[in-house]
Amino acid sequence: MNDIAVMDVTFTLNNEPASARIEPRELLIDVLRENFGLRGAKRSCDLGVCGACTVLVDGLPVSSCSTLAADVAGRSVLTIEGLGTPQALDPVQQAFIEHGAMQCGFCTPGMVLAVKSLLAAEPSPTEEQVRHYLRGNICRCTGYVKIIEAVMDLAKRGARLKTNP
Amino acid sequence: MLPRRFNLHRPDRIEDAVALLAEHGDDASPYAGGTELLIAMKARVLSYAHIVDLKGIAALRGVSARSDGGLIIGALTTHHELANHSLVLERLPAYALLSANVANIRVRAAGTLGGNLCFAEPHADPPAMLCALNAELVLAGPGGERRMLLAEFILGELSTARATGEVLVRIEVPGLPAGTRAGYRAFGHLERPAVGVAAVALPLGKGFDWRLRVGSICGRPTALAGLEKAMRGLPEADALAVLAEGAEQAAAAVEADDDIRGSAEYKRHLVGVLARRAARAALGMEALAA
Ligand SMILES: Cc1cc2nc3c(=O)[nH]c(=O)nc-3n(C[C@@H](O)[C@@H](O)[C@H](O)COP(=O)(O)OP(=O)(O)OC[C@H]3O[C@@H](n4cnc5c(N)ncnc54)[C@H](O)[C@@H]3O)c2cc1C
Ligand code: FES
């Protein structure tokens with residue numbers, strides 16, 4: 001049992017079928033960045049704390065720095081590259097731009113994906129819910145106020161959609 | 001850093017996981033959400049030649065009702081699932097709230113209750129409340145299943161009564177008498193709580209039989225036994241007055257060390273504050289059982 005197997009992992013990546021030949025110990029962030037050239041997820045703390053490496057797996061945020069690539073077999077992974085297109089941005093991306101909710105941009109992919117997942121579960125969150133949900137996404141430019149404003153703007157639209165569908 | 005190389009096993013039955021763990025002994029580790037294990041393996045504080053992924057075992061999943069009004073929680077249930085599960089919200093809303101406040105959304109989405117209890121990192125939220133609720137564990141090993149109280153399972157920092165090769169199957173929370181209330185409050189300025197206090201109040205005469213358990217501060221949850229006794233059976237306002245008066249003194253007896261989360265003195269101060277807040281939260285919440 002000493003020779004370590006290489007394995008094939010097949011999953012959905014940004015709505016397209018994907019597969020990669022990996023070692024069991026490989027981390028999702030490295031497979032996304034190195035095998036697929038998707039550099040939106042950033043490695044920063046490497047501890048599950050900062051959220052710069054956030055991607056969505058089956059709609060929920062995960063720290064790709066601390067997730068085995070083997071664990072996404074059969075699941076659906078969404079990275080920032082899979083959200084919107086330069087011609088048609090996702091509403092979350094558009095709101096971040098309108099509110100100037102970024103400075104250096106390092107935390108932005110993780111922040112946008114976390115917001116995406118929050119709004120999917122709760123289209124019109126309160127400010128308290130937004131702050132609570134984003135607690136694990138750290139911005140060192142201290143741009144939180146504009147981020148919260150962008151999400152609250154989306155929340156207002158979510159509330160309108162709820163009342164007049 | 002990458003973890004050291006390992007073989008990944010993916011059994012889909014408890015028996016197969018137990019057999020793999022028995023075969024490889026100390027060279028193998030169970031693996032659930034990985035929120036503790038992978039971080040330790042990346043830092044190479046821990047390494048194993050064999051990782052036994054439990055996530056494919058359906059029998060370790062799900063939350064169901066115990067016939068006495070309690071809950072049966074599969075070891076793989078995540079904090080996020082516990083925070084949102086209709087049965088938990090109905091029968092133990094204070095525990096759903098505790099789960100919603102664990103770590104951050106990514107840790108809650110991946111981290112399991114089983115992994116939390118088996119790792120026995122003292123700076124954790126579930127143990128104090130689950131001990132106050134008299135939770136029991138069911139473990140499966142080569143000789144079959146055994147059952148034990150969570151309070152006896154946690155031996156100290158990173159140390160449990162789990163034998164090498166045993167798998168935690170489920171956590172059972174016994175049903176509570178009608179009118180039981182519960183609350184939990186924690187505080188820390190880093191990741192993970194510095195101190196957390198759980199208060200469970202079971203109806204007794206004109207007041208309650210109180211269980212006050214302090215978590216995170218030392219190796220295992222500790223009862224504030226003197227206060228529990230002094231508050232026993234008193235009407236709400238009197239019990240809260242006894243608590244306000246006696247909390248500082250009760251906290252002084254709790255084992256605590258100076259560390260990055262604060263001095264022992266500061267943490268004991270938190271015990272007093274959080275005990276009062278947890279008790280008030282318990283009294284402010286709807287009754288847990290109808
Ligand atoms: C940034 C960060 C913040 C955190 N904050 C908090 C917090 O605020 N409060 C809190 O309570 N916790 C916190 N945690 C701890 C968090 O990791 C745990 O709560 C989580 O539930 C661990 O579960 P897991 O499934 O990821 O365990 P894993 O990492 O998969 O496993 C942990 C240990 O348990 C063993 N194990 C797992 N499942 C079983 C089983 N069924 N049978 C036998 N052994 C098993 C493994 O072998 C391993 O030794 C935090 C963690 C991080 C990274
Ligand atoms: S790099 Fe993964 S959470 Fe910080």
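Which residue of chain A does the side chain of R5(B) meet in a salt bridge? The partner is E23(A), and the N to O distance is 2.9 Å, a salt bridge being a side-chain nitrogen of Lys or Arg within 4 Å of a carboxyl oxygen of Asp or Glu. The model is predicted, so that local features need pLDDT of at least 70 and side-chain atom pairs count only at pLDDT 80 or more, while totals for chains, interfaces and linings use all residues. Residues are numbered from 1 along each chain as its sequence is written, chains are lettered from A and ligands numbered from 1 in the order in which they are written, and side-chain values use heavy atoms, with hydrogens and water left out.

Between chain B and chain A the count of salt bridges is three, and the count of residue pairs in polar contact, with both residues at pLDDT 80 or more, is 18. A polar contact is a pair of N or O atoms within 3.5 Å; within protein, one must be able to donate a hydrogen and the other to accept it, and residues adjacent in sequence count only if both atoms are side-chain atoms. Strand 1 (7-9), helix 2 (37-42), strand 3 (50-53) and helix 6 (105-110) of chain B are the elements that give two or more residues to the side of chain B that touches chain A, where helices (H or I, at least four residues) and strands (E, at least two) are DSSP runs numbered from the N terminus. Helix 6 of chain B gives the most to this side, with five residues. By class, the side of chain B that touches chain A holds 14 nonpolar, seven polar and ten charged residues; Ala, Val, Leu, Ile, Met, Phe, Trp, Tyr, Cys and Pro count as nonpolar, Asp, Glu, Lys and Arg as charged, and the others, Gly among them, as polar. The contact (heavy atoms within 4.5 Å) takes 31 residues from chain B and 33 residues from chain A. About 2600 Å² is buried between the two chains, 56% of it on carbon and sulfur atoms, buried area being the accessible area (1.4 Å probe) that two parts lose on being put together, summed over both.

Within chain B, an automatic or database domain assignment gives domain 1 (7-52), domain 2 (61-172) and domain 3 (182-282). Domain 1 and domain 2 of chain B bury about 1000 Å² between them, with carbon and sulfur atoms giving 80% of that area. V18(B), T35(B) and E36(B) supply 40% of the area that domain 1 of chain B buries against domain 2 of chain B, more than any other three residues. Helix 1 (residues 14-24) of chain B gives the most to the side of domain 1 that touches domain 2, with five residues.

Strand pairing, which requires that DSSP find at least two bridges between two strands, joins four strands of chain B into an open antiparallel sheet in the order 11-12-13-14. Strand 11 (181-187) and strand 14 (222-223) of chain B stand at the edges, each with a single partner strand, so one side of each is left without a neighbour in the sheet. Strand 11 of chain B is joined to strand 12 (residues 195-204) of chain B by seven bridges, in antiparallel fashion, with G183(B) standing opposite A199(B).
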